[in-house]
Amino acid sequence: MAQGPDDIFGDENYPAYPIGQAAEMLSTTQDFLRRLDEAKLINPHRSGGGHRRYSRYQLRLAARVREMVDQGTALEAACRIVILEDQLEEALRQNQSRQPGTPQRD
């Protein structure tokens, strides 16, 4: 079943951006994005032709790493920090949803 425009634009995980556009949006190079893939920070969707496509969520992670690298943090360390921050945020979100009095979402 194909996604409609409302589904696509509201889904932060929809792989909407080709590598060139993603690099331009982040003011970086395509090579930088490829290195993030190699570092296992992001795993972009591959089109039928094998081209990388990025989601808004992945671009937010890449932007955070770029910011840290620009401040002098090594790429591998920045990727690890961002992964840990993301895992912590998800754990806190899950913990919050399990608190008494908080409506449960399926």
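I began with E90, which forms a salt bridge with R93, the closest N and O atoms being 2.7 Å apart. I take a salt bridge as a side-chain nitrogen of Lys or Arg within 4 Å of a carboxyl oxygen of Asp or Glu. E90 and R93 are 3 residues apart in helix α5, so about one helical turn separates them.

Before going on, I noted that this is a predicted model, in which local features need pLDDT of at least 70 and side-chain atom pairs count only at pLDDT 80 or more, while totals for chains, interfaces and linings use all residues. Residues are numbered from 1 along each chain as its sequence is written, and side-chain values use heavy atoms, with hydrogens and water left out.

**Entry: exposure of the pair**

I looked up how accessible both partners are. E90 counts as partly exposed at 31% relative accessibility, and R93 is partly exposed as well, with a relative accessible area of 39%. The classes I use are buried, under 20% relative accessible area, exposed, over 50%, and partly exposed in between (1.4 Å probe, protein chains only).

**Entry: the chain as a whole**

I counted 5 helices and 3 strands in the protein chain. Helices (H or I, at least four residues) and strands (E, at least two) are DSSP runs, numbered from the N terminus. Their order from the N terminus on is α-β-α-α-β-β-α-α. Of the 106 residues in the protein chain, 25% are buried.

I then checked contacts, meaning heavy atoms within 4.5 Å. Among the contacts in the protein chain with a separation of 6 or more, 52% come from residues 24 or more positions apart. The protein chain exposes about 7,400 Å², and carbon and sulfur atoms supply 49% of that area. Accessible areas come from the Shrake-Rupley method with a 1.4 Å probe; for residues, only the protein chains shown count as cover.

**Entry: helix α5**

I went back to the helix that holds E90 and R93. Helix α5 covers residues 75–97, has 23 residues and reaches 33 Å from its first C-alpha to its last, close to the 33 Å expected at 1.5 Å a residue. The expected span is 1.5 Å times one less than the number of residues. Its buried residues are L75, A78, C79 and V82. What covers them includes α3 (30–38) and α4.

**Entry: the largest nonpolar core**

Which residues touch the most other members of the largest nonpolar core? I found L33, L36, L41, Y54 and V65, out of 20 residues in that core. Helices α2 (19–25), α3, α4 and α5 each supply at least two residues of this core. Helix α4 gives the most to this core, with 5 residues. By nonpolar core I mean a set of buried Ala, Val, Leu, Ile, Met, Phe, Trp, Tyr and Cys residues joined through side-chain atoms within 4.5 Å.

I listed the partners of L33, leaving aside its neighbours within four places in sequence: I19, A22, A23, L26, Y54 and A62.

**Entry: other salt bridges**

How many salt bridges does the structure hold? I noted 8. In one of them the side chains of E12 and R60 meet at 2.2 Å, N to O. E12 lies in the loop between α1 (5–10) and β1 (17–18) and R60 in helix α4, so the pair ties together parts that are 48 residues apart in sequence. E12 is partly exposed, with a relative accessible area of 30%, and R60 is partly exposed at 46% relative accessibility.

I also looked up E85, which forms a salt bridge with R64, the closest N and O atoms being 3.4 Å apart. This pair links distant parts of the chain, with E85 in helix α5 and R64 in helix α4, 21 residues apart. E85 counts as partly exposed at 34% relative accessibility, and R64 counts as partly exposed at 30%. I noted too that D37, R46 and R52 are linked in a network of salt bridges.

S55 lies in the loop between β3 (52–54) and α4, and at 2% relative accessibility S55 counts as buried. The side chain of S55 reaches the backbone oxygen of E12 at 3.4 Å. Not counting residues up to four places away in sequence, S55 touches E12, N13, Y14, P15 and Y17.

Q58 sits in helix α4 (residues 56–70). Q58 counts as buried at 12% relative accessibility. Leaving aside neighbours within four places in sequence, I found Q58 in contact with I42, N43, P44 and R53.

Methods: A polar contact is a pair of N or O atoms within 3.5 Å; within protein, one must be able to donate a hydrogen and the other to accept it, and residues adjacent in sequence count only if both atoms are side-chain atoms.
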